[in-house]
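Please view the sequence and the structure below before reading on.

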Amino acid sequence: MVAAALIAIVAGGLAFRFWPSDERAIRRQLALIESVGSKEAAEQPMEGLVKATQLANLFGDPCRLTVEAGNHTGTYPRQQIRERIVLVRSFYIQVQISLHDLVIDLPEKNLAVIRGTIRLRGQGTSEAIADVQELRAEMAKIDGQWLFTAVTVVEVLAR
Amino acid sequence: MVPPKLRRFLLPDLNLRYGLRLLLVALATVVLFTQALVPLRIEGRSMEPTYKDGGFTFCWRGRYLISEPARGEVVAIRFAGQRVMLLKRIVALAGDTVEFRNGALFVNNAWVNELYVRTPSDWNLAPRTVEPGKVYVVGDNRTVPLDRHQIGQVERERIVGGVLW
């Protein structure tokens, strides 16, 4: 009797943990930012290009990018985003990207609003690099995949 | 011979009463270190020499419950949440005018003697007025070029608390 109850609790817990949901699918996409955005010192150029493509594939085509600190807003095709990712990654010898304090809201079907903090730590071509930014993003479910349709770098400290 | 009271304290009976006490202590610890004294591991050099890279302190969240942040105080500033925070020093309050001239800080056109700054600086920043509901924060390490140093006015509500030491 006790064993059956334990098995039921464990099964319920596993079902709750692994049951597919939009939020879990979004978290998987966000986890990709950390894994394919980061760069090891020994990374080969081809591996870098593959990772940049994987990262660019998380963005809608096109995607609106806003940097509040520079009063900049633009809508960019995926190809241009990929080229920019390749360029930015080349500035680093090694970089680790991590996302923190993620809050995912699903205000309507196939639309998600995400807030979080992104952190970059690593080694640039000449010095150590450490940066933290707050992000606000919108994702839409397009052809079964959650993709970024708008990303805003929030200005926390305004000069 | 260990006194019975001390023995009971060190080797308590594993009964329900002990379990409840353990649970209460665990809960109190979690509440204390997530809601009141948030541990901070310092990464980065923007607050050197006051706070060194790799150092440790606590964010005291009760610091501004009954008082307002003041000039010269070091505060923890949150981003989207509280897992990653910035440590910065308040140099000006809402309505103040802030300016850097060849590394020297001027608030309301008066020079501020910043004893916590130990390194020379060549920062120049045109005068600007801090908006209502905000404070102006700067790091203590002025050797970093101004364009790569995170400084500026921040909403009062983003200040999570002060630092314990």
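A:Glu47 counts as partly exposed, because its relative accessibility is 38%. The model discussed here is a predicted one. A:Lys51, by contrast, has a relative accessibility of 14% and therefore counts as buried. These two residues form a salt bridge in which the closest N and O atoms are 3.9 Å apart. Both lie in helix H3 of chain A, four residues apart, which is about one turn of the helix. An α-helix has 3.6 residues a turn, so residues three or four places apart point the same way.

A:Glu47 and A:Lys51 also belong to a network of salt bridges that links them with A:Glu43 and A:Arg89.

## Other salt bridges

Over all chains, the whole structure holds 21 salt bridges. One of them joins A:Arg136 to A:Glu68, with 3.1 Å between the closest N and O atoms. This pair links distant parts of the chain, 68 residues apart: A:Arg136 is in strand E5 of chain A, and A:Glu68 is in the loop between strands E1 and E2.

In chain B, B:Glu48 and B:Arg45 meet in a salt bridge at 3.1 Å, N to O. B:Glu48 is buried at 17% relative accessibility, whereas B:Arg45 is exposed at 53%.

Helix H2 of chain A comprises residues 22-37. Its buried residues are A:Ala25, A:Ile26, A:Gln29, A:Leu30, A:Ile33, A:Val36 and A:Gly37. They lie on the same side of H2(A), because they cover an arc of only 140 degrees around the axis. Among the elements that cover them are helices H3 and H4 and strand E3 of chain A.

Conventions: Residues numbered from 1 in each chain as written. Chains lettered and ligands numbered in written order. Predicted model: local features only at pLDDT ≥ 70, side-chain atom pairs only at ≥ 80, totals over all residues. Heavy atoms only, no water. Helix = DSSP H or I, 4+ residues; strand = E, 2+ residues; numbered from the N terminus. Expected span 1.5 Å × (residues − 1). Buried < 20%, exposed > 50% of the residue type's maximum accessible area, 1.4 Å probe, protein only. Arc of directions from axis to C-beta. Contact = heavy atoms within 4.5 Å. Salt bridge = Lys/Arg side-chain N within 4 Å of Asp/Glu carboxyl O.
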